[in-house]
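User: I am new to this structure. Please walk me through it in short questions and answers.

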Amino acid sequence: MKILVQSEAFELGAEVDALRRGRTDIGAIASFVGLARDMNDGSDVAAMTLEHYPGMTEKALAALVEEAQSRWTLLDVTLIHRVGRLLPGDPIVLVAVAGSHRGEAFAACEFIMDYLKTRAPFWKKEVTPEGERWVEARASDDVAATRWGKT
Amino acid sequence: MKLRVLYFARLRERLGCAEETLDCAGSTVADLVAQLQARGGVWAEELATGRAYRVAVNQDIVALDAALTENAAVAIFPPVTGG
């Protein structure tokens, strides 16, 4: 398992290669990459800054992955989230889940992202033509997290 | 009891405070929030009932009725927006 909070960019191909290197028991790797967009809530976004709660962030991400491992049989997980200043098109978050079959890999990947959206202490601040603004949490993210049931 | 209280993101900016050490007269998160609301101004406004904020005690998100412990780190922050 690999969980990182970092300001540097990451590379999906390299992370997936690292997951499968030297093993032949993996039948499926599902991955997700979240990117910074140039538009949000009707405004152009020139840049964003991601703030987090050092210490709690790592703990919350580890708890998400442990929760996924308790629900599905997973062979390995990589979860990377960036912090600091990001520009449109920059990768923000990466989840890659290795399993024996696609079912658990797809499900765990989506589960980790849904829970991350409501539980990991990150906050986005955007730079728009109208000035800087904090991104508001979306009710649809709470709905996405609740469909996985109680923990 | 003595507590270390941290504020993040929009709340940190609105309250003009990133971190403080204070003495809490009560024993639950709700007691601490009431004590902070009693400061008035932006404190009363931002922490008013019905406003969306989360509280973590020693880095775990908790409900308002959660108990506080001596020297706990209590973080108050807006709903998260990562990912």
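User: Is the crossing of helix 3 of chain A past helix 4 of chain A left-handed or right-handed?
Analyst: This is a predicted model. In it, helix 3 of chain A and helix 4 (residues 139–146) of chain A have axes 8 Å apart. As helix 3 of chain A passes helix 4 of chain A, the crossing is left-handed.

User: Which word describes helix 3 of chain A relative to helix 4 of chain A: oblique or roughly antiparallel?
Analyst: The two helices pack at an angle of about 130°. Roughly antiparallel needs an angle over 145 degrees, and roughly perpendicular covers 65 to 115. Therefore helix 3 of chain A is, relative to helix 4 of chain A, oblique.

User: How many residues of the contact of helix 3 of chain A with helix 4 of chain A are charged?
Analyst: From helix 3 of chain A come Asp114(A), Tyr115(A), Lys117(A) and Thr118(A). They meet Asp141(A), Asp142(A), Ala144(A) and Ala145(A) in helix 4 of chain A. The contact divides into 3 nonpolar, 1 polar and, as charged residues, 4.

User: How many residues are nonpolar in the contact of helix 2 of chain A with helix 3 of chain A?
Analyst: The axes of these helices come within 10 Å and cross at roughly 145°. The crossing is right-handed. Among the residues that meet are Leu64(A) and Val65(A) in helix 2 of chain A, and Phe111(A) and Ile112(A) in helix 3 of chain A. The contact holds no polar residues and 3 charged ones, and its nonpolar residues number 9.

User: Which element of chain A gives the largest share of the side that touches chain B?
Analyst: The contact between the chains takes 22 residues from chain A and 14 residues from chain B. On the side of chain A, strand 5 (47–52), helix 2 (56–71), helix 3 (102–119) and strand 9 (122–128) each supply at least two residues. The largest share is 5 residues, and it comes from helix 3 of chain A.

User: How many residues on the side of chain A that touches chain B are nonpolar?
Analyst: The side of chain A includes 4 polar residues. Another 5 are charged. The nonpolar residues number 13.

User: Which residue in strand 9 of chain A is the bridge partner of Ala47(A)?
Analyst: Strand 5 of chain A and strand 9 of chain A run antiparallel, joined by 6 bridges. In strand 9 of chain A, Ala47(A) has as its bridge partner Val127(A).

User: Which residue in strand 7 of chain A is the bridge partner of Thr49(A)?
Analyst: Strand 5 of chain A also runs antiparallel to strand 7 (residues 84–86) of chain A, with 3 bridges between them. There, Thr49(A) pairs with Arg85(A).

User: Is Tyr53(A) buried or exposed?
Analyst: Tyr53(A) lies in the loop between strand 5 and helix 2 of chain A. Leaving aside neighbours within four places in sequence, Tyr53(A) is in contact with Pro121(A), Phe8(B) and Ala75(B). A residue counts as buried with 20 or more other C-beta atoms within 10 Å. Tyr53(A) has 22 such neighbours, so it is buried.

User: Is Asp41(A) buried or exposed?
Analyst: Asp41(A) sits in the loop between strand 3 (39–40) and strand 4 (43–44) of chain A. Its phi is near 50°, a positive value in a residue other than glycine. Asp41(A) has 10, so it is exposed.

Note on methods:
Residues are numbered from 1 along each chain as its sequence is written. Chains are lettered from A and ligands numbered from 1 in the order in which they are written. This is a predicted model: local features need pLDDT of at least 70, side-chain atom pairs count only at pLDDT 80 or more; totals for chains, interfaces and linings use all residues. Two residues are in contact if their C-beta atoms, placed from the backbone, lie within 7 Å. Helices (H or I, at least four residues) and strands (E, at least two) are DSSP runs, numbered from the N terminus. Ala, Val, Leu, Ile, Met, Phe, Trp, Tyr, Cys and Pro count as nonpolar, Asp, Glu, Lys and Arg as charged, and the others, Gly among them, as polar. A residue is buried if 20 or more other C-beta atoms lie within 10 Å of its own, exposed if 12 or fewer, and partly exposed in between; C-beta atoms are placed from the backbone. Axes are lines fitted to C-alpha atoms, for helices over the stretch in contact, and angles run from 0 to 180 degrees between N-to-C directions. Angles under 35 degrees count as roughly parallel, over 145 as roughly antiparallel, 65 to 115 as roughly perpendicular and the rest as oblique. A crossing is left-handed if the near helix is turned anticlockwise from the far one by less than a right angle, and right-handed if clockwise. Two strands pair if DSSP finds at least two bridges between them.
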